[in-house]
Amino acid sequence: MDQQPGNRGEVRDFLVSRRARITPAMAGLPTSARRRVAGLRREEVAVLAGVSTEWYTRLEKGYIGGVSEEVLAAVARALRLDDDERAHLFDLARSSRRTSRTPSRRGDVEVPPRVQWLLDSMTMSSAFVRDGRTDIVARNPLARALLAPMFDSATADRRGRPNIARYIFLDPGARGFFVDWDAAGAATAALLRAEAGREPRDLALRELVGELCTLSPEFRGQWAAHDVLMRHDGVKRLQHPDAGRLELAFHSLDLPLPLPGRAVHDLIVYTAEPGTASEDRLKLLAGEAAARQAGLQRA
């Protein structure tokens, strides 16, 4: 199981955190009053996975690089991992096998024109492209209007491109903009944790996580939970400074781009239920965004 040391700590902490949440009763194992831990012991996970205690102990120390997919799948079943957690475990194994040991800075992505055409064609939906670090790398006019507090925030970069995680955790206004701020923060931290499993040597990602851990106690707590999320769909409630309260359905879709490596990009679309006040308010924003865009094109 030889591997480079880069993600051993991540492997260890993830497996320990998943083991700690499973009680013997949940796993169908006998219980006793003399247990010193609330979750499963290492030897119990080993029995459930069909491996030796010594072997599982070594795995939990982070030596994952040479483990077969069949054994990883057995460990995932023993730890009752959900689909995202299972994918994260396999990502940790894949990233541990890479030959490069040196952190690198991935260049900024230039979204192909055809993707921007796709975004601009969605005139009644807010649509944007998000990378694995939660940077918004492309958007349509309605997304710019809907997410104006994020784009106008001091946490955006010098080109005006926002980072969702930095806005949520470092801009005090985010708590007013995201009605369900706690859920938004937990999901965002879990998305970053999943990206760290895919790209442990991404220097920009490391710097972002370090910045958030240093400046945000809330992010530190979420990061320590080791929760992972690959895709995030559901309902988003926003308190827009101009349009008021909006309740929108949002969908996240994989967006394959011709880029090197395993860079992850998602197409995020926000829509309103027909016939609702949120649809009326989103239409108002759409009309204003279209007029603004037309003015920019004439200028």
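Asp82 is found in the loop between H4 and H5 of this predicted model. Helices (H or I, at least four residues) and strands (E, at least two) are DSSP runs, numbered from the N terminus. At 40% relative accessibility, Asp82 counts as partly exposed, because buried means under 20% relative accessible area, exposed over 50%, and partly exposed in between (1.4 Å probe, protein chains only). A polar atom of the Asp82 side chain lies 3.1 Å from the backbone nitrogen of Asp84. The C-alpha atoms of Asp82 and Val228 are separated by 9.8 Å, although the two residues are 146 residues apart along the chain.

Residues are numbered from 1 along each chain as its sequence is written. Local features need pLDDT of at least 70 and side-chain atom pairs count only at pLDDT 80 or more, while totals for chains, interfaces and linings use all residues; side-chain values use heavy atoms, with hydrogens and water left out.

| Residue | Relative accessibility | Class |
|---|---|---|
| Arg80 | 48% | partly exposed |
| Asp82 | 40% | partly exposed |
| Thr134 | 2% | buried |

Two packed helices are described by the angle between their axes and the distance between the axes. Helix H4 (residues 69–78) packs with helix H5 (residues 83–96) at an angle of about 140°, their axes being 10 Å apart. Axes are lines fitted to C-alpha atoms, for helices over the stretch in contact, and angles run from 0 to 180 degrees between N-to-C directions. Glu69, Leu72, Ala73 and Ala76 in H4 meet Arg86, Leu89, Phe90 and Ala93 in H5, where contact means heavy atoms within 4.5 Å. By class, this contact has 6 nonpolar, no polar and 2 charged residues. Ala, Val, Leu, Ile, Met, Phe, Trp, Tyr, Cys and Pro count as nonpolar, Asp, Glu, Lys and Arg as charged, and the others, Gly among them, as polar.

The buried residues of H4 are Leu72, Ala73, Ala74, Val75, Ala76 and Ala78. Their cover includes helix H1 (8–20), H2, helix H3 (53–60) and H5. Within H2 (residues 42–49) lies Glu44, which at 12% relative accessibility counts as buried. Leaving aside neighbours within four places in sequence, Glu44 is in contact with Leu29 and Arg35.

Val209, Leu212, Cys213, Thr214 and Leu215 in H12 meet Pro217, Phe219, Arg220 and Trp223 in H13. The contact of H12 with H13 has 7 nonpolar, 1 polar and 1 charged residues.

Overall, the protein has 14 helices and 5 strands. Of its 299 residues, 48% count as buried.

Note on methods:
Polar contact = N/O pair within 3.5 Å; in protein donor to acceptor, adjacent residues only side chain to side chain.
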